[in-house]
Amino acid sequence: MMKRIYFIWMFGILFLAFGCEELEDTYSDYAGDGMIRYVGKCSDVTVKLGWERLIVEWKNNLDPAIENIRLTCQVGKNMIADTLLEASVTSCEIKNLENENYEINVYAVDGNGNMSLSETVYGRPVTSKHESIVSFTTGVVKYFFVGNNIAMFFDNNSSNILNIQLHYYDMEGNPQTIDSLQKQFGEKYMLLRDVDASREVTINREGRVGNCVDDIILPSYSLKKDDWIFSANFRSFLKMRYGVENITNEFVEDRKVLEFDYDIMSFEDILYFPNLERIVLGGNRYIEPQLLQLPAEYHVNMTSELSEMGKSVFALQVAQELRGLKIERYNQHYFSDDILSDIELDVEKMGNPVLREPVYLDAKGWTITCSEPYDSKPGNLLDNNYMTAWKTSPHSKLTTYELLIDMNSVQTVNGMKIAQALDLQAMNSSPNRIEIQVSEDNITWEYLTYQLVNTVGNSLGEITLLRLDKPKQVRYIKLGVSDVQGEYTASIALGDVAVF
């Protein structure tokens, strides 16, 4: 038995030996001179991003047969570079590249021209079209020419700025340079005096972006007097208050008074108006004098606010010093007495604005309907008495209401009064936005004012007058208004709608 097992093992070993030899002979018939020997490939290939260049680095293989390194760079099928380097080289710089994503392959090559398997990486250089360059901060994010001075507002949130230089000419014609302007950014804004505004004012920037290894000289740019960058919030104010959608030179140069009544981000854009003489703050927010005597908890929404106080104060100080701007402030709008005591700003305190009510159209016989079926007494809106209100009971679902007023005949309309409810229980349900459209035939509609949505004061019992530049012929008035969301429920209350 043991002999039989022994012979079986010996037979198996001989079979494998002769079988492998035959397999190798067969393989060699197809391999030419013998087995293929692969060249050891490079490893750890990386790409560093530079300005219009890529820097490729790698580790060489220890294979002694390697005599060269081949590097290719292409976009799609277009070969940008095909370079043969010495075997000891471990990096290569590819210059004069464009805003493309490049495919890079690195091969080891032996003395017979055989190449290793490739090690492929991709890289996109930083160029003038790269999004990080296009969006790179200008440093001076906003500026205003005020006579022979420039009021500048800075971007003080960027850590990518290495240096900013400002070049200008003074009033005596001497070239001036402010180097390292970014050192001023801690102040957020500054007034540069004695500038010849008729000559070019330029800014040069040097910075670094993302993973780019190079310091970048960015394109210089000029500060131009007519480059207006009105904020979206200020544009919205101009459209709502003055019907100005496309701001023209004529409007900017002719405007001598600006009236602000509701919350706004900043007053800085007043510096675009070279002939502005006066601004009026809160002069059209009409509040019954006795309501001002109520405890503070009833003063909800009673004063308009600024989001960016520092910018606004700086702009107003510049306008007062260089243009003699006068500021009239009603009640405590924008600048409370406490704030005014801490800043250097000359403000005339005007007290509470006096409402000179127009002559209202007689609403007797008019009808009003509400899109909601339950009885919330919309007829109370037409009695010219804000002690009686249209209001809904608190409910869980936010609702938008459409109210339709039929004046029974076409009448000449010069404006509309919106009065909030004088109801302590409903003071947190007063809307601050109302859609208003008017029509002669209940078919063709147009905006009552310059836009569909109108901002209205929403403090307790507050009255807003929406005046028209020219009369309109109106029979139907459509109001769109939405619930005010409370902590747990939603509701709405409105005192009066009167037409004049």
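Okay, let's start with a strand pair: β21, residues 400-419, runs antiparallel to β29, and 4 bridges join the two. Keep in mind that this is a predicted model. Within that pairing, Met-416 sits opposite Val-499 of β29.

Stay on β29 for a moment, which covers residues 496-499. Which way do its side chains point? Asp-496 and Ala-498 go one way, while Val-497 and Val-499 go the other. Are they buried or exposed? All of them are buried, and that includes the aspartate, Asp-496.

Next, a sheet from another part of the chain. Here 3 strands make an open sheet, in the order β1-β2-β5, with antiparallel pairing. The edges are β1, residues 43-50, and β5, residues 91-94; each has a single partner strand, so one side of each has no neighbour in the sheet. On average, neighbouring strands in this sheet are turned by 15° against each other, if you ignore direction.

Let's zoom in on β2 and β5. Strand β2 is residues 53-59, it runs antiparallel to β5, and 4 bridges join them. If you want a residue pair to click on, Glu-57 stands opposite Ser-91 in β5.

Now, cysteines. How many disulfides does a search of the whole structure find? It finds 0. As a reminder, a disulfide is a covalent bond between the sulfur atoms of two cysteines.

Last stop, Leu-84. You'll find Leu-84 in strand β4, residues 78-86. Buried or exposed? Leu-84 is exposed, because its relative accessible area is 57%, and the exposed label needs over 50%. Which residues does Leu-84 contact, leaving aside neighbours within four places in sequence? Those are Asn-68, Ile-69, Arg-70 and Val-109.

And one distance to finish on. Leu-84 and Thr-388 are 304 residues apart along the chain, and their C-alpha atoms are separated by 91 Å. That's it from me, thanks.

Definitions and conventions: Residues are numbered from 1 along each chain as its sequence is written. This is a predicted model: local features need pLDDT of at least 70, side-chain atom pairs count only at pLDDT 80 or more; totals for chains, interfaces and linings use all residues. Side-chain values use heavy atoms; hydrogens and water are left out. Buried means under 20% relative accessible area, exposed over 50%, partly exposed in between (1.4 Å probe, protein chains only). Two strands pair if DSSP finds at least two bridges between them. A disulfide is a pair of cysteine sulfur atoms within 2.5 Å. Axes are lines fitted to C-alpha atoms, for helices over the stretch in contact, and angles run from 0 to 180 degrees between N-to-C directions. Contact means heavy atoms within 4.5 Å.
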